[in-house]
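Please work through the following exercises with the model at hand. Each task is followed by a solution in steps.

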Amino acid sequence: MSKNPDGKQIKVGILGATGTVGQRFVTLLAKHPWFTIHVLGASSRSAGKPYTQAVMWKQTTPIPSVVRDMIVRECHPEHFTECAIIFSGLDADAAGEIESAFRNADLAIFSNAKNYRRDPSVPLIVPLVNDSHLSIIPQQQALQNPPLKKGFIVTNANCSTTGYVIPLRALERAFGPIESCLVTTMQAISGAGYPGVPSLDIIDNVVPYIGGEEEKMEWETLKILGGIADGDDGMKTFDMHARHPLRVSASCNRVPVIDGHTMCVSVRFQQRPPPSPQQVREALVAYTPEAQSIGCPSVPVHAIFVHEEPDRPQPRLDRYYQDGAGVSVGRVRQCPVLDIKFVVLANNVSIGAATSSIINAELAVLKGVVKVE
């Protein structure tokens, strides 16, 4: 088993370990080359039980043997003090206070929840896009009272935002700023958690509304694709893509697909004339994020896989390519209203959730942000 650069196995904990995202964390971390699951946390209803008795397992693979008999703990920091990293799969209604308490206990939190995404000192990171935003963590630590040495919160993005900002970053790197973007999503029911959308609402139907989703996509895109600037008060701040204003319009729909969010995207570039569809395809194929080049073990071989077939990507065929850790893009063509349009498929329970947090943690280890003793 390969180890991290310090040659040590890293103890990790999982908050919300019995939930949908928590189960995905368990599945991925049980076979991770660096991280060892040390503590599982859940609500008081589950605490004190072996994991097999506490969880309603919904994954397509069996419960990993390393956690089957592990006793679930309540989500209190004192149970997790030996962990260098805490992964949070908590629901938003519980995540705020719990994650704050863990950070105050000087623990490093990598969260899938939305609670701290808008915090001006918390990085909102899609690991295949903007890992440079980890640089704001020392400021986050300094702002706590008392200042922290090891504790912080890093969040990953909304599952739909994650999927389409990866090709957007590739295009901006190759061709310069994007001025405007239209995105229409067809989102899988697993994105609503378990038990999720009632069957009578989603079977034979499309629901053209997901509460708060459009606003999240429009706002998060700016924080992720923007940079970090020095403010007048000497504090670092996320510039929200202000140097080259970007307008985003999102329309979000729930569709009867189990896993895999499909998005139709149209973009207009600042560059005139804009790139051709073939130039866009080549830029997407060539895109290499830092997470690949510095050796994160969970990154895919292809951050973006570009399909040439006219009817791909499709959720049923493509969502678990590369274990869902990259995104698939197809139908790259000219847009008669903007410049270029294409289709993106992202696995919402992998790169859109747990996988992003895990790669974020790998990046933090490799960059020395996480202190491994």
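The model is predicted: local features need pLDDT of at least 70, side-chain atom pairs count only at pLDDT 80 or more, and totals for chains, interfaces and linings use all residues. Residues are numbered from 1 along each chain as its sequence is written, and side-chain values use heavy atoms, with hydrogens and water left out.

**Exercise 1.** Determine in what order the 6 strands of the open sheet are arranged, and which strands stand at its edges.

*Solution.* Helices (H or I, at least four residues) and strands (E, at least two) are DSSP runs, numbered from the N terminus. Two strands pair if DSSP finds at least two bridges between them.

Step 1. The order is S3-S2-S1-S4-S5-S6, with parallel pairing.

Step 2. Strand S3 (73-74) and strand S6 (152-155) each have a single partner strand, so one side of each lacks a neighbour in the sheet.

Step 3. Strand S1 (residues 10-15) and strand S2 (residues 35-42) are joined by 6 bridges. Ile10 has Phe35 in S2 as its bridge partner.

Step 4. Helix H1 (residues 20-29) packs on the sheet and touches S1, S2 and strand S4 (85-88), where contact means heavy atoms within 4.5 Å. The direction of H1 makes about 160° with that of S1; axes are lines fitted to C-alpha atoms, for helices over the stretch in contact, and angles run from 0 to 180 degrees between N-to-C directions.

**Exercise 2.** Classify the aromatic pair of Tyr51 and Trp57, and state whether these residues are buried or exposed.

*Solution.* Rings of Phe, Tyr and Trp (its six-membered ring) pair if their centres lie within 6.5 Å; planes under 30 degrees apart count as stacked, over 60 as edge-to-face and the rest as tilted.

Step 1. The count by this rule is 9 aromatic pairs.

Step 2. For Tyr51 and Trp57, the values of 6.2 Å centre to centre and 80° between the planes give an edge-to-face pair.

Step 3. Tyr51 and Trp57 are both buried (under 20% relative accessible area; exposed is over 50%, partly exposed in between; 1.4 Å probe, protein chains only).

Step 4. One aromatic cluster is formed by Phe25, Trp34, Phe35, Phe87, Phe110 and Phe152.
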